[in-house]
Structure formats: structure tokens, C-alpha cells
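Q: I'd like to learn how to read helix packing from a model. Can you walk me through it with the one on screen?

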Amino acid sequence: MNWTQKETSLLKDLKDQEQLCVDKYAEYAKRAHDPELKQLFEDIRQTEQQHLTTVCNWLGEQPPKAWDLVGAQHRGVNKFADDPAAKEEDKYLCQDALCTEKEVSGAYNTSIFEFRDPQVRQQLHQIQGAEQKHGEMIYQYMAKSGMYQAQ
């Protein structure tokens with residue numbers, strides 16, 4: 001596709017954002033203590049990898065190789081239920097991931113208004129919806145786990 005300079009710049013920004021998401025969720029899947037949270041981060045990482053591939057394709061670039069998380073799910077005995085420090089670390093990871101999703105969703109929101117092609121805008125809107133869903137999934141995990149209380 002023939003992108004304007006602004007569209008190209010926005011796509012490069014989105015690519016960087018998506019790469020950061022892929023990297024963060026891969027790392028967080030390794031670091032999380034709760035097996036349920038590990039799986040949540042891995043599921044989101046896979047979706048973020050798809051988003052990255054889409055943006056790279058628009059730019060005419062090859063997407064970076066996907067992370068290999070074989071073995072990341074095994075961290076030894078699950079002490080999450082009895083370890084306040086583990087719960088605090090998982091809470092920190094969730095808070096950071098939630099802030100990241102808010103930022104990425106905002107980047108897509110801006111891009112939706114800046115692209116000329118209606119089909120591209122629709123695809124950007126769909127990706128933004130997925131980013132918002134990720135935030136909802138993290139919020140639900142946090143609320144269920146007592147990490148997020150609405151005041």
C-alpha cells in the first residue's frame with residue numbers, strides 16, 4: 001500500500017508498541033508466580049504477536065521471530081497462594097501490563113483517525129478492540145485476585 005508520511009510514521013510507532021507488548025508479555029509470563037496469570041500473559045502475548053505481524057506486513061517488513069516460551073510455564077513449586085511477596089510481584093506485573101494496554105489502545109485510537117483507507121481504519125479498530133479486551137482480562141484477573149478494588 002502507498003502510505004502517506006504520517007501513516008508510515010504511525011505504523012512505525014505501532015510496530016514499536018506491539019514489539020514492546022510482545023517482549024513484556026513474554027517476560028511477564030516467565031516472571032509471574034500464579035499459573036493462571038502465566039497463562040493469561042502467554043495468551044495475550046500470542047495475540048500481540050499477531051498484531052505485530054499485521055503491522056509489519058503493512059510496512060512490508062518481516063515480523064520478528066516469535067518468542068519461544070518452552071519451559072517458561074515451569075517455575076517449580078507454586079508458592080503463590082502462601083507467598084505475599086509473590087502476590088505483590090504479580091500485582092506489579094498486572095498494573096504495568098494494564099498501563100501498557102491503556103497506552104497502546106490510545107495509540108490505535110489516534111491512528112484510526114489519521115488513516116485514509118476505510119478498510120485499514122476498520123482493521124486498526126479491531127486491533128484496538130483486542131487491546132481493550134486485554135485490559136479487561138487483566139482487570140478481571142486483578143479484581144478476582146483482590147489486587148484491584150474500585151473505590
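Q: What share of the protein chain's residues is buried?

A: Keep in mind that this is a predicted model. Of the 151 residues in the protein chain, 40% are buried. As for the surface, the protein chain exposes about 8600 Å², and carbon and sulfur atoms supply 49% of that area.

Q: How many helices and strands are there in the protein chain?

A: You'll find four helices and zero strands. Read from the N terminus, the order of elements is α-α-α-α. Now look at contacts with a separation of 6 or more: 77% of them link residues 24 or more positions apart.

Q: What is the handedness of the crossing where H2 passes H3?

A: That crossing is left-handed. On the H2 side, the contact is made by Leu 37, Phe 41, Ile 44, Glu 48, His 51 and Val 55. H3 brings Asp 90, Leu 93, Cys 94, Ala 97, Glu 101 and Tyr 108.

Q: How do the residues of that contact divide into nonpolar, polar and charged?

A: Where H2 meets H3, eight contact residues are nonpolar, one is polar and three are charged.

Methods
Residues numbered from 1 in each chain as written. Predicted model: local features only at pLDDT ≥ 70, side-chain atom pairs only at ≥ 80, totals over all residues. Heavy atoms only, no water. Left-handed = near helix turned anticlockwise from the far one by under 90°. Helix = DSSP H or I, 4+ residues; strand = E, 2+ residues; numbered from the N terminus. Contact = heavy atoms within 4.5 Å. Nonpolar A, V, L, I, M, F, W, Y, C, P; charged D, E, K, R; others polar. Buried < 20%, exposed > 50% of the residue type's maximum accessible area, 1.4 Å probe, protein only. Areas by Shrake-Rupley, 256 points an atom, 1.4 Å probe, with all protein chains shown as cover.
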